[in-house]
Amino acid sequence: MIIFEYSAVILLFFFIGLEYSFERLAGMKRVLKPGFLDFLFNFVPAFIITYLFTKDLVFSLVMGAVVYPSSTAITAKLLMDYKRLVNPEAELLIGILIFEDLVSIVLLSVLTGLTFGGEPDVISVSRGVLAVVFLFGVFYLLKAPSEKAFDYLDRKLDEGLVPFMVLGFLLLSSGISLKVGLSDALVAFMLGVLVPEKSRIFEVIERSLSELKDISVGVFFFMFTFHAKLNFDFDPWLLAILLAIAILLKLLSTYYGAIVYGLTKRTAMRASLSFIQRGEFSVIFASFYVPAQSLTFALVLFTALIGSFSFLLAPKLSQKIFPKKERKEPLPTPPS
């Protein structure tokens, strides 16, 4: 159980990294404006309001990070189950989810240093950001040598050894990264990015480790609720305000982001009503900081419930708010 709990986040971010390449990351230009709007509307106000209530910088940063990302798992599941992947807003929502994943990895890298004994000041935050930039640079330089190394491993390595080698290397690298004050999640993500999509090792990893990842993530969320000190030690007014802005500002940011993206007003409204739910990333942020866990649990629970119902009602509500304009039939010409 312990190995599953500690390896869950590492495996989750490693598999997220497998879905990307440096070329794909560089090609996300169209979603940049909606993504930045999403970050400014949802992270910054939550951080400021929490800080005004608590005067605690680390707690405020964690709550800003908790409120910021929508749930990738819930949103993707709902889009598939209700056959809305063909809708024009699905591409935008998936793009923003990808953008949120990347920003969340950066935030997690910064918060890891702060929550494990770091001093919450400008210098420590700047150091965390510089560490992220440094790691991206190092891994980018490793791109060409890694392709040659994977070509060699494809020819020489026994498939049966791949799962053990990958899991052992991930655990070793995460331990080293935490020892030197870097984010193990970011390192795992970048290691996933390095694996070439067309390599034999990539196929073996997806086939042999995906079930282990699912089990690990399930155990992680179970152990989070099992170990979390859930009580009502937070200000109920803070919960009410954060819940209100988590819903309203996510609606606004997604709506205006969709307009910037080029969608119609009705489609933008349908997208915004489908994107309220928070989930796994919010829980991961709170797992690193005990004082934020009770507030996060309540926030995730309410937004997941409200967001799921809002998703179901989104098509009808958007239709009522922006009804189709009926075409006027041409008047019959009078007989001469």
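Mentor: The largest nonpolar core has 89 residues; such a core is a set of buried Ala, Val, Leu, Ile, Met, Phe, Trp, Tyr and Cys residues joined through side-chain atoms within 4.5 Å. Buried means under 20% relative accessible area, exposed over 50%, and partly exposed in between, with a 1.4 Å probe and protein chains only. This is a predicted model, in which local features need pLDDT of at least 70 and side-chain atom pairs count only at pLDDT 80 or more, while totals for chains, interfaces and linings use all residues. Residues are numbered from 1 along each chain as its sequence is written, and side-chain values use heavy atoms, with hydrogens and water left out.

Phe13, Phe14, Phe189, Ile205 and Leu242 have the most contacts inside the core. Leaving aside residues up to four places away in sequence, Leu242 touches Ala46, Thr50, Met63, Val67, Leu295 and Leu299, where contact means heavy atoms within 4.5 Å.

Thr75 lies in helix H5 (residues 72–81); helices (H or I, at least four residues) and strands (E, at least two) are DSSP runs, numbered from the N terminus. Thr75 counts as buried because its relative accessibility is 0%. With residues up to four places away in sequence not counted, Thr75 touches Leu97, Ser274, Phe275 and Gln277.

Turning to another pair of helices, Arg266, Met269, Arg270 and Leu273 in H13 meet residues in H15 including Gly307, Phe311 and Ile321. By class, this contact of H13 with H15 has seven nonpolar, four polar and two charged residues; Ala, Val, Leu, Ile, Met, Phe, Trp, Tyr, Cys and Pro count as nonpolar, Asp, Glu, Lys and Arg as charged, and the others, Gly among them, as polar.
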